[in-house]
Amino acid sequence: MNIQELLGDAYKEGMSVEEINDAIADKTFVDSSSLPPSVSKATFDKTASELASAKHKITELENANLSADEKLEKALADAQKAQDEYTAKSVRLDVEKVLVAGGLTEDDYKDVIDGIVSTDREKSVSMATNLVNLLTAQRQAEKNAVMKELQCSLKKPPKGKDDKGEMTKEEFDKLTLTEKIQFKETHPEEYKKLNGGN
């Protein structure tokens with residue numbers, strides 16, 4: 001459906017946005033009988049307010065009907081809940097310190113920290129420390145593997161007087177031109193001897 005079909009007789013060629021807005025202001029595009037019944041915002045707000053008030057009164061009545069022991073028990077349960085929440089937040093900070101000290105960023109640990117943190121501080125910190133140790137060991141193993149690979153890919157330098165050994169003629173003949181030039185610069189006398197005096 002295009003704008004001409006929507007506006008019908010009110011459509012004119014080259015209409016501005018303001019003219020289109022004026023033309024559709026008095027039109028209804030949805031049949032109100034097809035919509036589900038609804039309430040006004042004022043009615044909704046009034047009902048929500050009454051519901052909140054009723055819940056508050058129910059809580060007051062429940063508390064009024066509690067015996068002294070039940071009130072004490074409820075107060076203790078509320079205090080324990082508040083203490084557990086505080087402890088969990090405090091433990092979370094301790095765990096974050098361990099993880100950050102281990103070289104992790106918030107993006108690194110944000111998906112696992114909730115599984116580490118509990119109200120048991122010692123257990124939570126121990127789990128965080130073990131995680132950091134595991135990651136550190138993996139990083140070191142990767143670093144060692146890369147270093148070993150680099151060492152294996154490096155050619156052995158040609159032997160010379162500095163290596164307390166003499167290069168053989170066969171070893172000299174296997175050197176590339178670049179290696180021979182390097183060898184000549186670092187071992188000029190031995191180079192002359194192996195190159196036939198040149």
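Helix α4 has 34 residues and spans 49 Å from first C-alpha to last, close to the 50 Å expected at 1.5 Å a residue. That expected span is 1.5 Å times one less than the number of residues. Helices here are DSSP runs (H or I, at least four residues), numbered from the N terminus. The model is predicted: local features need pLDDT of at least 70, side-chain atom pairs count only at pLDDT 80 or more, and totals for chains, interfaces and linings use all residues. Residues are numbered from 1 along each chain as its sequence is written, and side-chain values use heavy atoms, without hydrogens or water.

T87, S90, V91, V95 and L99 are the buried residues of α4. Buried means under 20% relative accessible area, exposed over 50%, partly exposed in between (1.4 Å probe, protein chains only). Just after α4, G103 has a positive phi of about 95°.

Next, the nonpolar cores. A core is a set of buried Ala, Val, Leu, Ile, Met, Phe, Trp, Tyr and Cys residues joined through side-chain atoms within 4.5 Å.

| Core | Size | Members, including |
|---|---|---|
| Largest | 10 residues | V91, V95, L104, Y109, V132 |
| Second, separate | 6 residues | M167, F172, L175, L194 |

In the largest core, α4 (68-101), α6 (113-116) and α7 each supply at least two residues. Helix α4 gives the most, with 3 residues. V117 also belongs to this core. Beyond its neighbours within four places in sequence, V117 is in contact (heavy atoms within 4.5 Å) with A88, V91, R92, V95 and S124.

V146 lies in helix α7 (residues 121-153). V146 counts as partly exposed because its relative accessibility is 48%.
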